[in-house]
Amino acid sequence: MASRISRTLVAMLATAGATLGVTLANPSPASAAMTICYNTSQAPSYASIANQAATIWNNATSNLTLTANCGTNLRIYQITGGGSYAVRTSLGNGRVYIDTQQAAQYSPLRIMTHEIGHILGLPDNYNGNCAILMSGGSAGTSCTNPYPSSAEASRVTSLFAGTRSTERGTDSGSTVFQDSWPAALAPVS
């Protein structure tokens with residue numbers, strides 16, 4: 001009986017609030033997803049690939065949502081020459097540069113997902129293992145795996161859960177992640 005009265009009272013309060021234009025907010029759970037807005041306006045050829053990479057990260061993590069064109073936490077640029085790289089200004093914020101020449105040799109989706117991984121707090125891992133996303137180009141041009149390993153996904157989830165809060169504040173200035181993709185190969189004559 002008491003629970004029915006409580007539910008009725010809550011319903012009446014919500015109806016009265018709505019009538020008066022008052023919004024009753026539900027507190028967010030501690031595990032609410034953090035949204036990272038990415039912008040592809042400077043990389044129109046790679047917008048769909050960025051969307052695929054965002055979906056991969058959204059599915060691999062439990063408390064992170066990458067959303068297209070809602071802001072500029074993450075800006076994605078298309079460049080020609082110089083190599084693909086990321087510049088993390090703070091956890092979840094920065095710039096990704098996708099080199100069109102490298103994307104013609106390596107999997108563009110793997111490059112995009114890898115570079116976004118830097119913005120999400122992951123370092124390079126040059127072990128040549130195709131199953132490790134952050135091994136980048138060291139896995140060779142035949143490696144097309146765009147998925148983070150369970151350890152990589154867990155690390156990102158941990159960083160955005162606040163369980164590693166000391167690392168969240170360690171970004172002093174920009175961190176540049178470059179050279180994970182070998183220079184473009186010279187054309188074969």
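This structure holds 2 aromatic pairs. Rings of Phe, Tyr and Trp (its six-membered ring) pair if their centres lie within 6.5 Å; planes under 30 degrees apart count as stacked, over 60 as edge-to-face and the rest as tilted. Tyrosine 77 sits in strand S3 (residues 74–79) and tyrosine 97 in strand S5 (residues 93–99), so the pair ties together parts that are 20 residues apart in sequence. Tyrosine 85 and tyrosine 97 form a stacked pair too, and here the link runs from strand S4 (residues 85–90) to strand S5, 12 residues apart. Here are the two pairs side by side.

| Aromatic pair | Centre to centre | Angle between planes |
|---|---|---|
| Tyr85 and Tyr97 | 4.6 Å | 20° |

Tyr77, Tyr85 and Tyr97 form one aromatic cluster. Are tyrosine 85 and tyrosine 97 buried or exposed? Both are buried. The scale works like this: buried means under 20% relative accessible area, exposed over 50%, and partly exposed in between (1.4 Å probe, protein chains only). Tyrosine 97 has 14% relative accessibility and therefore counts as buried, while tyrosine 77, at 22%, counts as partly exposed.

Residues are numbered from 1 along each chain as its sequence is written, and side-chain values use heavy atoms, with hydrogens and water left out. The mean pLDDT (the predictor's confidence in each residue, from 0 to 100) of the chain is 79, and 68% of its residues reach 70 or more. Over residues 163–172 the pLDDT is below 50, and this stretch has 15 contacts in the model beyond near neighbours in sequence; contact means heavy atoms within 4.5 Å. Residues 185–189 also stay under 50, with 1 contact beyond four places in sequence. Where pLDDT is low, the predicted coordinates should not be read in detail.

The chain has 6 helices and 6 strands. These are DSSP runs (helices H or I, at least four residues; strands E, at least two), numbered from the N terminus. Their order along the sequence is α-β-α-β-β-β-β-α-α-α-α-β. Of the 189 residues in the chain, 40% are buried.

The largest nonpolar core has 32 residues. Such a core is a set of buried Ala, Val, Leu, Ile, Met, Phe, Trp, Tyr and Cys residues joined through side-chain atoms within 4.5 Å. Which residues touch the most other members? They are Leu66, Leu74, Ile76, Val96, Met112 and Ile116. The largest share of the core, 6 residues, comes from H2. Valine 96 has contacts beyond four places in sequence, and among them are Tyr77, Tyr85, Met112 and Ile116.

**A closer look at threonine 61**

Threonine 61 lies in the loop between H2 and S2 and is buried, with a relative accessible area of 8%. A polar atom of its side chain is 2.8 Å from the backbone oxygen of tryptophan 57. Not counting residues up to four places away in sequence, threonine 61 touches Ala153, Val156 and Thr157.

Note on methods: Predicted model: local features only at pLDDT ≥ 70, side-chain atom pairs only at ≥ 80, totals over all residues. Polar contact = N/O pair within 3.5 Å; in protein donor to acceptor, adjacent residues only side chain to side chain.
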